[in-house]
Amino acid sequence: KALSGDPVARSLLPGRLSKLTTHPRLLPLYPRLHHANVELRTAYISAAVDEAIKSLPVGDGLDVVVAGCGFDTLGLRLLTKEPSPTRPLAVTEFDLPDVVESKSLLLSQ
């Protein structure tokens with residue numbers, strides 16, 4: 001989505017990848033590729049945070065900051081896991097005001 005209307009974001013892509021994002025034959029695949037990317041990124045980040053929590057010495061806590069959280073539920077998933085009094089966890093999410101407002105509205109329902 002961001003790449004479709006953002007020439008700066010496209011220019012940050014390595015080599016031929018920036019041309020692939022606008023290739024007419026590949027455009028129909030983009031939504032599926034994007035969703036697959038989101039799934040992979042979410043799984044990777046979740047596993048990395050889980051590993052960081054497990055590797056904490058007893059008594060140490062972890063502050064997780066989710067920048068540009070969008071509608072991702074990582075913060076909620078972390079906070080709904082079984083709490084550990086020996087490894088306290090704090091989660092802070094931030095994004096653009098409109099996104100935060102929309103997410104808050106959805107979560108309040």
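Predicted model: local features only at pLDDT ≥ 70, side-chain atom pairs only at ≥ 80, totals over all residues.
Residues are numbered from 1 along each chain as its sequence is written, and side-chain values use heavy atoms, with hydrogens and water left out.

Let's start with the layout. The protein has five helices and two strands, where helices (H or I, at least four residues) and strands (E, at least two) are DSSP runs numbered from the N terminus. Read from the N terminus, the order is α-α-α-β-α-β-α. Of contacts (heavy atoms within 4.5 Å) between residues at least 6 apart in sequence, 69% link residues at least 24 apart.

Now for the inside. Of the 109 residues, 15% are buried; buried means under 20% relative accessible area, exposed over 50%, and partly exposed in between (1.4 Å probe, protein chains only). In soluble globular proteins, nonpolar side chains tend to be buried together. Here the largest nonpolar core has eight residues: Val49, Leu56, Leu62, Val64, Val66, Cys69, Leu74 and Leu78. Strand S1 (62-67) and helix H4 (74-80) each supply at least two of its residues, and S1 gives the most, with three. A nonpolar core is a set of buried Ala, Val, Leu, Ile, Met, Phe, Trp, Tyr and Cys residues joined through side-chain atoms within 4.5 Å. Take valine 66: setting aside neighbours within four places in sequence, it touches Leu74, Thr92, Glu93 and Phe94.

Next, look at proline 57, in the loop between helix H3 (30-54) and S1. Proline 57 is partly exposed, at 47% relative accessible area. Beyond neighbours within four places in sequence, proline 57 contacts Thr86 and Arg87. The C-alpha atoms of proline 57 and arginine 87 are 7.8 Å apart, although 30 residues separate the two along the chain.

Finally, the surface. Leu20, Leu26, Leu29 and Leu33 form a nonpolar patch of about 320 Å². Patch residues have over 30% relative accessible area and no salt bridge, and nonpolar side chains (Val, Leu, Ile, Met, Phe, Trp, Tyr) are joined within 5 Å, like charges within 9 Å. A salt bridge puts a side-chain nitrogen of Lys or Arg within 4 Å of a carboxyl oxygen of Asp or Glu. Leucine 29 sits in the loop between helix H2 (17-20) and H3 and is partly exposed at 33% relative accessibility.

Technical notes:
Areas by Shrake-Rupley, 256 points an atom, 1.4 Å probe, with all protein chains shown as cover.
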